[in-house]
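Biologist: I want to learn how to read a sheet and a charged patch. Can we work through one case together?

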Amino acid sequence: MVETGAKIGHTPDEWVPSVHTGNVITKTDGTLIAAVFGDDPECKPDERMKANQHLIAAAPDLLEALKRLLTGWRNETDTLQNAVDAAWAAIAKAEGSSHE
């Protein structure tokens, strides 16, 4: 149970494309994280579905990599600072919080 007001992050563990179906992302233990879809109106596996599956499975890794990159670059120059602020805002949006 989560405490009231506690920050809830994404499901921990590595996310991977399922080897059993073409449209789900699971944890390494097989726990379902998400289902994705592509362009086929009948939801048959297609290349877009596979691309979506890999993108979503990589989301926690992308988020962590961006955080690590930005931690070392904060306050370099005005131009870089604007890019850093925009990136932090994107991270905050991905985490469901606000950027200050």
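Biologist: Which residue in β2 stands opposite Val16?

Modeller: Thr26 stands opposite Val16. Keep in mind that this is a predicted model.

Biologist: How many bridges link β1 and β2, and in what sense do the strands pair?

Modeller: Two strands count as paired if there are at least two bridges between them. Here, β1 and β2 (residues 24–27) pair over 3 bridges, in the antiparallel sense.

Biologist: What is the bridge partner of Val24 in β3?

Modeller: Val24 has Ala35 as its bridge partner. β2 and β3 also pair in the antiparallel sense, over 3 bridges.

Biologist: What do β2 and β3 form, and how many residues are between them?

Modeller: They form a hairpin, with 4 residues between the strands. Look at Gly30 in the turn: its phi is positive, about 95°.

Biologist: In what order do the strands lie in the sheet?

Modeller: The order is β1-β2-β3, and the 3 strands make an open sheet with antiparallel pairing. At the edges are β1 (15–17) and β3 (32–35), each pairing on one side only. From one strand to the next, the twist averages 25°.

Biologist: Now the charges. Which residues form the negative surface patch?

Modeller: A patch takes residues with over 30% relative accessible area and no salt bridge, and joins like charges within 9 Å. In this model, Asp13, Glu14, Asp29, Asp61 and Glu64 form the negative patch.

Biologist: Where does Asp61 lie?

Modeller: Asp61 is in helix α1, which covers residues 47–73.

Definitions and conventions. Residues numbered from 1 in each chain as written. Predicted model: local features only at pLDDT ≥ 70, side-chain atom pairs only at ≥ 80, totals over all residues. Heavy atoms only, no water. Helix = DSSP H or I, 4+ residues; strand = E, 2+ residues; numbered from the N terminus. Axes fitted to C-alpha atoms, helices over the stretch in contact; angles between N-to-C directions. Patch = residues over 30% accessible without salt bridge, like charges linked within 9 Å, V, L, I, M, F, W, Y side chains within 5 Å. Areas by Shrake-Rupley, 256 points an atom, 1.4 Å probe, with all protein chains shown as cover. Salt bridge = Lys/Arg side-chain N within 4 Å of Asp/Glu carboxyl O. Lys, Arg positive; Asp, Glu negative; His and termini not counted. Charge placed at Lys NZ, Arg CZ, Asp CG, Glu CD.
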